[in-house]
Every structure is written in C-alpha cells, then in structure tokens.
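Open the model in your viewer and keep the selection tool at hand. We will go from stop to stop, with a word on what to select and what you will find there.

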Amino acid sequence: SDPFDKADVAIVVGASDPDNLRHRITAGIALFTKKKGPTLLLCGDGRKKHPQGRTEADRMQELATQAGVPSDAIILEDSNDDFAASAKECGQLLKTHARLQGVRSVALVSSAWHILRLCIVMRRYVPKQLTLYGCPAAEGVTAANWQTTPQGRAIVENELRLIEKLLKTGYSLK
C-alpha cells in the first residue's frame, strides 16, 4: 500500500472470483468517494467464466453506479481476457482517451496479494512519467491475514510463482 493524497485516475482490476471482484470495486468506490480517484478505469473481461457472459468491468460498473459513482466518472476496458493484454490496453487508453489526457498519477486497485504483480505489469505498459500507487482492497486475503488460512497461503504462494515467472521473462521491479 502506498500513501497518497490523490491520484488522477484509479485503475480497478477485475477478478473472476465474485468476492475478490466486490472487494476490489469497493476499494475503488472508496477512492472515488474520498475524492482520491475522480475517474475509475475498470478493467477485466472474464465473460467466458461468467454464467451470463458479462464482463468483470461491466459488473464493477454496475456496483459503482449503484453506490453513487456517476457513469461519466467511469471508463471501461473489457477487451482482453489476458492480464498483460489488459494492462497494455490500459496503457494505450492513458495515452489516447480524451478523458485521460493530462493524467500524472494512477492508483492501482486490486486485492492485496495481487498489487505487486499488478504494479510490475502496469509499469511496463503505462507512460513512464506516471506515478503509480498501490492501493489494495482492505477485505479478503490481506497482508495481515494471508498466513492464517490454507487458502490465503496458497493464493500468496501462487502469486509469488507468477511474479518469479514475470521477472524471468524480462519484467522488472523498477
């Protein structure tokens, strides 16, 4: 978790697990409500895993609008089912989308166990001059409780394997 006063945009990453998705969008909504993220860029496809074929971004948008976030404060990126491809598309949107012109800082919102990998991948694709802030969801598997359950330990162990794979394929922690 990175301390910050305000980011220009909050990128909220979806999840196939409904609880993780809800935790993540709840954190994004909190940033919007506290005026720490005036625009929410909601990303995630996942329609193949959803019974009605709805994207993660669409489901998060529904939750956000129900919580009072106006639709003009939301941008969707739901074109990719692949994490890196979605990050690349977010990078393109930050360069080309009219409402994202002038963005200098981005809050990256995801599950606590996912933030480091999200930062590593996003750093490759977003404009280099942007400041990225990790903003983990406060619910679910967190830094404070991951070790207390077999599920939490398994999630973190898998995430460490995925980060190691990224680093071996040319991604960087810088």
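Start by selecting valine 9 in this predicted model: its bridge partner is valine 106, in β4. The two strands involved, β1 and β4, run parallel and share four bridges.

Now stay on β1 and colour its residues by burial. The strand is mostly covered, with five of its five residues buried. In a regular strand the side chains alternate between the two faces of the sheet. Show the side chains here: Val9, Ile11 and Val13 point one way from β1, while Ala10 and Val12 point the other way.

Pick isoleucine 11, and you will find leucine 41 of β2 opposite. Which residues of β2 point one way, and which the other? Leu40 and Leu42 take one side and Leu41 and Cys43 the other, and all of them are buried.

Zoom out to take in the whole sheet. Five strands make up this open sheet, in the order β3-β2-β1-β4-β5, with parallel pairing. At the edges are β3 and β5 (131-136), each of which pairs on one side only. On average, neighbouring strands of the sheet are turned by 25° against each other, direction ignored.

Helix α3 is the next stop, so select residues 83-96. Highlight the buried residues of α3, which are Ser86, Ala87, Cys90, Gly91, Leu93 and Leu94. Look down the axis of α3: these buried residues fall within an arc of 160°, so they line one face of the helix. An α-helix has 3.6 residues a turn, so residues three or four places apart point the same way.

What do the buried residues of α3 pack against? Their partners are the strands β1 (9-13), β2 (40-43), β3 (74-77) and β4 (105-110), together with the helix α4 (115-125).

Two histidines come next. Select histidine 114, in the loop between β4 and α4. Is histidine 114 buried or exposed? Its relative accessibility is 4%, so histidine 114 counts as buried. Leaving aside residues up to four places away in sequence, histidine 114 touches Val13, Arg24, Phe83 and Glu159. For a distance check, pick the C-alpha atoms of histidine 114 and glutamate 157: they are separated by 11 Å, although the two residues are 43 residues apart along the chain.

Then move to histidine 23, which belongs to helix α1 (residues 18-33). With 11% relative accessibility, histidine 23 counts as buried. Its contacts, with residues up to four places away in sequence not counted, are Ala137, Glu139 and Gly140.

Finish at lysine 35, in the loop between α1 and β2. Check its backbone: lysine 35 has a positive phi of about 60°, although this residue is not a glycine. At 65% relative accessibility, lysine 35 counts as exposed.

Technical notes: Residues numbered from 1 in each chain as written. Predicted model: local features only at pLDDT ≥ 70, side-chain atom pairs only at ≥ 80, totals over all residues. Heavy atoms only, no water. Expected span 1.5 Å × (residues − 1). Buried < 20%, exposed > 50% of the residue type's maximum accessible area, 1.4 Å probe, protein only. Arc of directions from axis to C-beta. Contact = heavy atoms within 4.5 Å. Pairing = 2+ DSSP bridges. Axes fitted to C-alpha atoms, helices over the stretch in contact; angles between N-to-C directions.
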